[in-house]
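Subject: Structure handover

Hello,

Please find the structure below, with the sequence. My notes on what was found follow it.

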Amino acid sequence: MHGEYKVPGGKLVVVDLDDVDGRISGFRLAGDFFLEPDDALPLIDAAVNGLAVDTDAVGIADAVRRALPEGAVLLGFSPEAVAVAVRRALSKASSWADYDWQLIHSGPESPQMQLALDEVLTNEVGEGRRKPTLRIWEWDEPAVVIGSFQSVKNEVDRTNAEKYGFEVVRRISGGGAMFMDAGSVITYSLYAPASLVQGMSFADSYAFLDEWVILALRSLGIEAIYQPLNDISSAKGKIGGAAQKRLGNGAVLHHATMSYDMDGEKMVQVLRIGREKMSDKGTKSAAKRVDPLRSQTGLTRAEIIDRLVQTFTGLYGATPSEITADERTKAEELVRTKFETPAWLNRVP
């Protein structure tokens, strides 16, 4: 069995192993990481050999950590990274290169249609009717997109939302509210087989699926970092956030919104951002929580999207694609029966 895990912001961890009577055998660790002293490598191999194949990631990491000699230095990886690679090998996880990725970047859609397309396209990947896909959203009307489990009245000032023309919609993934003014955000969705993140915790998978974005932003001169659980940030402030939904048919939806040119004052009037959340972010002004990409790059929104696409295709390859007629029909029906209904929007009042 073979498993690989690219540590976000770090190095590649590669493991090979066998399953012999329910025990890990023939374990070998490799990668482009740095490890001192040299003789720590066979100690790690010996620590993993003999573990039960159902040992969880915490147990594997603990075994690796106990085997390390005092003063050992691990650069670009960690015992937890070894554990993720082992779990991915045992679960026969796939990699980015195993798929023929598709790219959709079409015209603007209504807020409800954007959310319906996310559900439909994820389902199509899970059912094998669509190849794994990256979709860049286009957005020409303001909206607030709340998470699946958020309360409408707790998150949105409906009076101010109506005043500024913001429609309120609910998505199928969890997480927080997204303030999406027309032309002010960059949003993308990944529709992928769950095997791509097999063996990873939810926390690991967030950083793993957005590493290409961090690389793209850094190539533009932004000191971008991934801040657990689901934020894309820089030294100058938060840039955006991601959310995920995993379907029962074996597909995962991972999408993120980054602010390009955020009107912070309008945002705090439309969103009800509580004192507890502000304290958690360590800032007194909600308007200062989000730092737009435009101020950090001086580039147009289209230029930043171009760099994102170039980075993704350069790493993983991607063939231009379109929303099919059948997919659009399914999404339109989902808008009618779910996303534009009061029952869905107010399922958590």
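The protein is divided into domain 1 (2–91) and domain 2 (96–346), with bounds that come from an automatic or database domain assignment. This is a predicted model, in which local features need pLDDT of at least 70 and side-chain atom pairs count only at pLDDT 80 or more, while totals for chains, interfaces and linings use all residues. Residues are numbered from 1 along each chain as its sequence is written, and side-chain values use heavy atoms, with hydrogens and water left out.

The two domains

The C-alpha centres of domain 1 and domain 2 are 33 Å apart. In contact (heavy atoms within 4.5 Å) are 9 residues of domain 1 and 10 residues of domain 2. Between them the domains bury about 760 Å², of which 54% is on carbon and sulfur atoms; buried area is the accessible area (1.4 Å probe) that two parts lose on being put together, summed over both. On the domain 1 side, Tyr-5, Pro-8 and Arg-88 lose the most area to domain 2, together 53% of what that side buries.

The interface has 1 salt bridge, a term that stands for a side-chain nitrogen of Lys or Arg within 4 Å of a carboxyl oxygen of Asp or Glu. Glu-211 and Lys-6 form a salt bridge, with their closest N and O atoms 2.7 Å apart.

Strand E1 (2–6) and helix H3 (79–90) are the elements that give two or more residues to the side of domain 1 that touches domain 2. Helices (H or I, at least four residues) and strands (E, at least two) are DSSP runs, numbered from the N terminus. H3 supplies the largest share of that side, 3 residues.

Asp-118

Asp-118 lies in helix H4 (residues 111–126). Its relative accessibility is 1%, so Asp-118 counts as buried; buried means under 20% relative accessible area, exposed over 50%, and partly exposed in between (1.4 Å probe, protein chains only). The side chain of Asp-118 makes polar contacts with the side chains of Tyr-191 at 2.5 Å and His-255 at 2.8 Å. Beyond its neighbours within four places in sequence, Asp-118 is in contact with residues including Arg-135, Trp-137, Ser-189 and Leu-253.

Salt bridges

Side chains of opposite charge can pair when their charged atoms come close. By the rule above, the count is 16 salt bridges. In one of them, the side chains of Arg-65 and Glu-80 meet at 2.2 Å, N to O. Arg-65 is in helix H2 (residues 57–67) and Glu-80 in helix H3, 15 residues apart. Arg-65 is partly exposed at 37%, and Glu-80 is partly exposed at 39%.

Lys-330 and Glu-124 also meet in a salt bridge, at 3.0 Å from N to O. This pair links helix H13 (residues 325–339), which holds Lys-330, to helix H4, which holds Glu-124, across 206 residues. Lys-330 is partly exposed at 31%, whereas Glu-124 is buried at 3%.

Lys-238 forms a salt bridge with Asp-231, their closest N and O atoms being 3.6 Å apart. Lys-238 is partly exposed at 23%, and Asp-231 is buried at 8%.

Regards

Methods: A polar contact is a pair of N or O atoms within 3.5 Å; within protein, one must be able to donate a hydrogen and the other to accept it, and residues adjacent in sequence count only if both atoms are side-chain atoms.
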